[in-house]
Amino acid sequence: MRTRRMAAAKVGSNLSHKIGKDCHQHGVVAEEIDGLIKAYKDGRVERPQIVPCVTSTLAPGLGVTSRDTVIDNFTNIWARFYVPIKIHGKLPLLVYFHGGGFCVGSAAWSCYHDFLARLAAKANCIIMSVNYRLAPENPLPAAYDDGIKALMWLKQQALSVCTDNWWTSQWNFSDVFLAGDSAGANIAFNVITRLDSFNAGQADAAIKPLTLKGMILIQPFFGGEARTHSEKHSVQSPRSALNLAASDTYWRLALPCGANRDHPWCNPLAKGSVKLEDFVRFPIMVCISEMDILKDRSLEFVASLGRAGKRVEHVVHKGVGHAFQILSKSHLSQTRTLEIMARIKGFISGI
């Protein structure tokens with residue numbers, strides 16, 4: 001185990017998204033989401049520190065301890081763990097993937113650090129927040145491969161009788177959940193589909209003795225060539241975390257060269273995508289935001305899971321937009337964040 005220290009950076013305030021192609025003193029810009037990412041035609045990528053990265057330190061009063069652990073030195077995959085201090089019996093483990101359109105974000109972002117520490121305390125679970133490789137330097141399926149590698153690393157921890165990790169004696173490896181928000185929810189979904197496809201539909205056998213008990217998808221980042229009503233007509237504020245132009249840019253940066261938004265990794269309901277009837281044998285919860293451009297696509301996904309006979313539940317959080325639980329500090333967003341934490345706690349404890 002090795003602890004990584006992250007330097008904090010000044011918070012940016014502009015979350016508006018402007019797509020464009022222009023000239024820069026260092027080269028020609030191929031793709032840009034203003035304030036978040038700028039990709040040049042020569043392959044260089046700039047990511048302004050719009051959200052500060054923080055160390056694993058937490059306030060003592062929260063009742064949670066946190067540390068960073070290296071998963072793979074070669075690819076620089078690491079994870080931040082959150083463990084409640086007062087433990088009665090072994091706890092479920094939530095493997096979490098952060099959002100950011102596959103192109104930005106970090107397990108060290110202050111907004112995720114705060115949200116997941118509070119969630120660990122509220123839901124009384126251990127959380128493993130995976131820091132995966134980003135596109136466009138590492139286009140998909142790199143993030144999916146990193147997710148699988150994180151699960152295989154967990155498998156080895158469960159099998160090891162001499163592990164020195166500080167948290168392993170406190171987790172129940174037969175009580176594991178996959179979760180994520182936005183692109184992270186997409187990663188959670190595609191990690192399972194890829195495990196199934198690589199192991200002849202036997203994802204469970206591939207990760208034994210781990211037992212996956214459920215999946216939690218928060219505002220899952222899916223797409224498609226055909227626009228939904230909410231994608232076409234939802235009015236987004238200038239500070240919205242996701243608008244349609246930004247969504248399209250993320251997909252152009254993340255998908256393999258030549259792929260469009262009906263690629264199975266983007267559109268799980270498109271022709272050639274995984275057959276939902278053959279996928280997932282455990283419960284799924286989908287959290288949807290009423291003001292999110294992805295609302296209708298998420299509702300369609302939930303309906304398709306239901307028609308395929310899957311155990312799926314969903315909740316629509318009223319009056320809030322994409323990523324409200326990590327980026328918005330409004331009173332309404334804080335209220336809805338407590339609601340989403342309560343729903344996650346109920347889902348984990350009810351299975």
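Helices and strands here are DSSP runs, numbered from the N terminus. The model is predicted.

Ser182 sits in the loop between β9 (171-181) and α3 (183-198). Is Ser182 buried or exposed? Its relative accessible area is 7%, and buried means under 20%, so Ser182 counts as buried. Leaving out residues up to four places away in sequence, Ser182 touches Gly99, Ile218, Gln219, Pro220, Phe221 and His322.

One of those contacts is Gln219. Gln219 belongs to the loop between β10 and α5 (229-233). Its phi is near 45°, a positive value in a residue other than glycine. Gln219 is buried, with a relative accessible area of 0%.

Phe102 has a positive phi too, near 70°, and it is not a glycine either. That residue lies in the loop between β7 (91-97) and α1 (110-123). Phe102 is buried at a relative accessible area of 1%.

Staying with the backbone, there are cis peptide bonds to mention. One joins Ala135 and Pro136, with omega about 5°. Pro136 is in the loop between β8 (126-131) and α2 (142-159). Another joins Lys208 and Pro209, with omega about 10°. Pro209 falls in the loop between α4 (203-206) and β10 (212-218).

The largest pocket holds about 320 Å³. Which of its 19 lining residues are closest to the centre? They are Ser237, Arg239, Ser240, Ala241 and Ser328. Helices α8 (324-327) and α9 (331-349) each supply at least two residues of that lining. By class, the pocket lining splits into 9 nonpolar, 9 polar and 1 charged.

The largest cavity has a volume of about 210 Å³. It is lined by 20 residues, and closest to its centre are Gly100, Trp109, Ala241, Tyr250 and Leu327. The cavity lining has 13 nonpolar, 6 polar and 1 charged residues.

Last, the packing. In soluble globular proteins, nonpolar side chains tend to be buried together. Here the largest nonpolar core has 113 residues, and those touching the most other members are Leu94, Val95, Met128, Leu154, Leu178 and Met215.

Definitions and conventions: Residues numbered from 1 in each chain as written. Predicted model: local features only at pLDDT ≥ 70, side-chain atom pairs only at ≥ 80, totals over all residues. Heavy atoms only, no water. 1 Å grid on protein atoms, 1.4 Å probe; cavity = no way out; pocket = protein on both sides within 12 Å on 5 of 7 lines; lining within 4 Å. Points joined across faces, edges and corners; volume = space filled by probe spheres on them. Helix = DSSP H or I, 4+ residues; strand = E, 2+ residues; numbered from the N terminus. Nonpolar A, V, L, I, M, F, W, Y, C, P; charged D, E, K, R; others polar. Buried < 20%, exposed > 50% of the residue type's maximum accessible area, 1.4 Å probe, protein only. Contact = heavy atoms within 4.5 Å. Core = buried A, V, L, I, M, F, W, Y, C linked by side-chain atoms within 4.5 Å.
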